[in-house]
Amino acid sequence: MLSHLSVSLGACKTCCMMRTSGLPAPPAVRIIHSGHACNVEDERYSERVYTIREGETLELVCLVSGHPRPQIRWTKTAGSASDRFQDSSVFNETLRISRIQRHQGGRYYCKAENGLGSPAIKSIRVDVYYLDDPVVTVHQSVGEAKEQFYYERTVFLRCAANSNPPVRYSWRRGREFLSQGSDKGVEIYEPFFTQGETKILKLKNLRPQDYANYTCTASVRNVCGIPDKSVLFQLSNRTASPTIKLLVEDPIVANPGQTVTLVCITSGGEPTPVLTWVRNAEGLPKKSVLNGGTLTIPAISTEEAGVYSCLASNNVGNPAKKSTNIIVRALRKGRFWITPDPYHNDDNIQIGREVKISCQVEATPAEELMFSWLKNGRPLRSSERMVITQTDPDVALGTTNLDIIDLKFTDFGTYTCVASLRNGGIPEISIDVNISSTTVPPSLTVPRGKSPLVTQEGDTVELQCLVSGKPKPIILWSHADKEAPMPDGSMQTESYDGILRIVNVSREMTGTYRCQTSQYNGFNVKPREAIVELIVQYPPAVEPVYTEIRQGLGRAFSLSCRVLRAHPSRVLKYEWKLGTRLLTVGQFDTRDETEYHVRALNREGYGAYTCDITNEAGAGRCTFLVTGKAFGPEFYYDTYSALWQNKPSVYGFKLQWTQMNPSAVDRIMAYRLGIKQTGQQRWWEQEITMEGTIQKGELLTYNLTELVKPEAYQVRLTPITRFGEGDSAERIIRYSAPVNPHWSKFHCNFEEEAICMFTQDKTEEFDWTRHSAATRDTKYTPNTGPSSDRSGSKQGYYMYIETSRPRQEGDKARLLTPLFNVAPKNPYGNVATNPTYCFSFYYHMYGKHIGSLNVYLRQKSQTGQDSSVWTLSGNQGDRWRQARIDIHPTYSFQMVLEGVRGPGIEGDIAIDDVTIEEGECRDPPPNSNLRSLAPPTAEHIWQLCLTLLLVLAGHRR
């Protein structure tokens, strides 16, 4: 069906609508490259390899086709697991990585999917090239290493450099290149196990002439423009591996806050070794100060203790290493426990029996730890009944015991354990323990009503165990029903008051918890324990939480709300509503879902349906938005170019789309078309009436004409049903001429002010000027420039460069053609062979100061300099001449016309009638001043030789 519609949209005056058969298409994808590529090649027809230099910008473009428009995602494998794309580039057609690093090499995949068929996936392997500075290391043969390299010693010089591709090494002694066999005392080889990673120079039975400067050069054959790198090593009879001395004690014991200085000096080694410090194979403290071999750590703390090592390296032999241990004094975690008489089955303290008081402190260094005991504030010494032991093989280090034999009433009192370090520097720790008739072992109980403890998700809950006894011990909380960490992340949580407080409790915390006594700060007896059960209630989790349902009038449909989980799970009620109007209520039996049925939808039936499912903890809600809105249209992008040019100043566009799920709602009666120029506020709107029913996948076409060049337009399309307007879809229409792959000729005579979408290069010193002889200034520079356009008309326009002041010699003006696409042979294929195009133009180069006119080919996928294809210099006379050039682009391209100012003001250069057409140029005009950039053919060389022979023969006569 074809219908013509007349609309009035300002810029869009005439449009037509056409419907054709459905054209949904599965996705297709291919990857092209731009950015700073060194090389792109196909390996065995199965893999594309993109080579790039480290530090350059990687730019990959994923070209997709298909309808509906496929979604794109970039992924990567064969790289570091920590590699992550920037969020902005993962879902874009262009993947850009600035300053690429070697670890970012690997295989990059572009995946496109639109729900039709299987996703389309293409990949390209990115190979990052780099070359690090080479390093030379020197070794003697095993068993012969001494402080110096004497005569009759075998020396190995090993050169290594990290690179991609594999590096090639070369050696020089002074200015002499060394190779295998060039010197009987020299052997050059690669160890078989290094796979080309190094090159070793072996000096057998060291001779006097072997003491020299050795240069190792690493090369990757200038791939990606990576230059060679060299390193120089001077071998002499003083060459020796490093030796060092530490001018410090080992270990070093310091107080917190003290400044520690470590001094390391070299005692030998040539070349002079380089000194570095490390700590426990880690980095140094941030506040440390390093000055040569001296390391200063101000205000040292316990966290900065450890083994510090001085390393010396000069690439001769093995590095030297010496270490010292820094110990920072500290006293931590003072604890005590009371042990009743172990020979009686009674946990209580009784007169006439033995009782032991133990005190434990963590000390650094442990050998400086000292204990003393006080009773009621007075010093206590060891005796027959009061036995004090500093160390006990049965307990941990840092423990002292006070054994009271045959406890008497006079022994009741407060005993104090005092811990200190022998050399002082830090405060001592005191621990008080009371022994009296009220000192009793602990007991644990759970308060009435605290187990089981029922709470709701998100609340703060306190689990409680009552502890009695004197002294009161520390309480340890843990899971009783499973091996799992506590809410704070540890396996056991300490509590001094018997309460475990959990903030923002979750359903996963339901279970049983154990509270038990610790031996610390209490009795060393069998632990007492109790169990607390925690029940966390939570409202029903339901699905779907929200969904949109599109239906036409008079149709039947059902809504279903399902319970996924809830606690309690069997006290569930449901309530269906439409807006605020109650529809039905009920209670669950054995099923876990409820349904609501609509037999015939009417206009009052549109709206938000809710289903609330409740239990004691709250409610879960399913929401269904029932609407008659039509789905949005899907614009069709698979046409290579929907543009066409019917007038010099305007263009047309073929708008194509399909309708998403057209049968989901009532018949689409029309589309509302909105169009506006980008950057403008005003929309022009027009309704497009639809006859009959639109089928799924049916391609709809609408022609927009009288669009002003080179403006871009924003188009909005909205379907309309009996319900009203549906979802809108928008797209941008941009003008770029020519973009049709089947274009055969482009011609521009600069008569239009838009100059056929030519653009000026703003990076150069000045611009080309559009001009006509009819409007020429009477004060123009004489003896240069054309007196008419190429056709001879004084009213006709052309482009020229004005060389009057302030222009200077060598100033450049560049004029760029529009971007032209090179058409593939099929919708998803590549260009099979390089096509040929003829680029022609007329030029006028008249004046004694004429500079140069240059023509360049610029291709979109290439970087770097433009390709020069034509150049001409000097005065060519007061007439228009034509230049024709064959070009062979492989990607989208532009032509660049460059005018260069000569030595004076009489140097105007003009161009006119620029043409690009398919095929080779026909009958190119001869021109003796034209310099061809193509190499001479064999036929031309033969003709030149024949001419020279004839000239010589003429002279002989």
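**View 1. Arginine 279 stands opposite tyrosine 308 in β26.** The model is predicted: local features need pLDDT of at least 70, side-chain atom pairs count only at pLDDT 80 or more, and totals for chains, interfaces and linings use all residues. Residues are numbered from 1 along each chain as its sequence is written, and side-chain values use heavy atoms, with hydrogens and water left out. Strand β26 covers residues 306-313 and pairs with β23 in the antiparallel sense. Their pairing runs over 6 bridges. Two strands pair if DSSP finds at least two bridges between them. Strands are DSSP runs of E with at least two residues, helices are runs of H or I with at least four, and both are numbered from the N terminus.

**View 2. β23 and β26 belong to an open sheet of 4 strands.** The order is β21-β27-β26-β23, and the pairing is mixed. β21 (252-254) and β23 (274-279) stand at the edges. Each has a single partner strand, so one side of each is left without a neighbour in the sheet. Neighbouring strands of this sheet are turned by 25° against each other on average, direction ignored. For such angles, axes are lines fitted to C-alpha atoms, for helices over the stretch in contact, and angles run from 0 to 180 degrees between N-to-C directions. Strands of a sheet pair through backbone hydrogen bonds, either parallel or antiparallel.

**View 3. Another open sheet of 4 strands has antiparallel pairing.** Its order is β20-β22-β25-β24. The edges are β20 (240-246) and β24 (289-291). Both edge strands have a single partner strand, so one side of each lacks a neighbour in the sheet. The twist averages 20° from one strand to the next. β24 pairs with strand β25 (residues 294-297) in the antiparallel sense, over 3 bridges. Here valine 289 has threonine 296 in β25 as its bridge partner.

**View 4. Cysteine 62 and cysteine 110 form a disulfide.** The structure holds 8 disulfides. A disulfide is a pair of cysteine sulfur atoms within 2.5 Å. In this pair the sulfur atoms are 1.8 Å apart. The link of cysteine 62 and cysteine 110 is left-handed, with -80° about the S-S bond. Cysteine 62 lies in strand β6 (residues 58-67) and cysteine 110 in strand β9 (residues 106-113), so the pair ties together parts that are 48 residues apart in sequence. Cysteine 62 counts as buried, at 0% relative accessibility. Cysteine 110 is also buried, at 0%. Buried means under 20% relative accessible area, exposed over 50%, and partly exposed in between (1.4 Å probe, protein chains only).

**View 5. A disulfide joins cysteine 359 to cysteine 417.** The S to S distance is 2.3 Å. The torsion about the S-S bond is about -80°, so this disulfide is left-handed. The pair links distant parts of the chain, 58 residues apart. Cysteine 359 sits in strand β29 (residues 355-364), and cysteine 417 in strand β34 (residues 413-421). Cysteine 359 is buried at 1% relative accessibility, and cysteine 417 is buried at 2%.

**View 6. A disulfide joins cysteine 838 to cysteine 921.** The sulfur atoms are 2.1 Å apart. The torsion about the S-S bond is about 105°, so the disulfide is right-handed. Cysteine 838 lies in strand β66 (residues 837-845). Cysteine 921 lies in the loop between β71 (909-918) and α2 (938-956), 83 residues apart from its partner. Cysteine 838 is buried, with a relative accessible area of 3%. Cysteine 921 is buried too, at 14%.

**View 7. The sulfur of cysteine 611 is too far from the closest cysteine sulfur for a bond.** That closest sulfur is in cysteine 561, 3.9 Å away. Cysteine 611 is buried, with a relative accessible area of 0%.

**View 8. The largest nonpolar core has 33 residues.** A nonpolar core is a set of buried Ala, Val, Leu, Ile, Met, Phe, Trp, Tyr and Cys residues joined through side-chain atoms within 4.5 Å. Phe758, Trp768, Phe839, Phe841, Leu853, Trp870 and Ile911 touch the most other members. β66 gives the most to this core, with 5 residues. Leucine 853 touches residues including Trp768, Phe841, Tyr843, Trp870 and Ile911, not counting residues up to four places away in sequence. Contact means heavy atoms within 4.5 Å. Apart from this core lies another, of 30 residues, among them Cys417, Ala419, Ile426 and Phe523.
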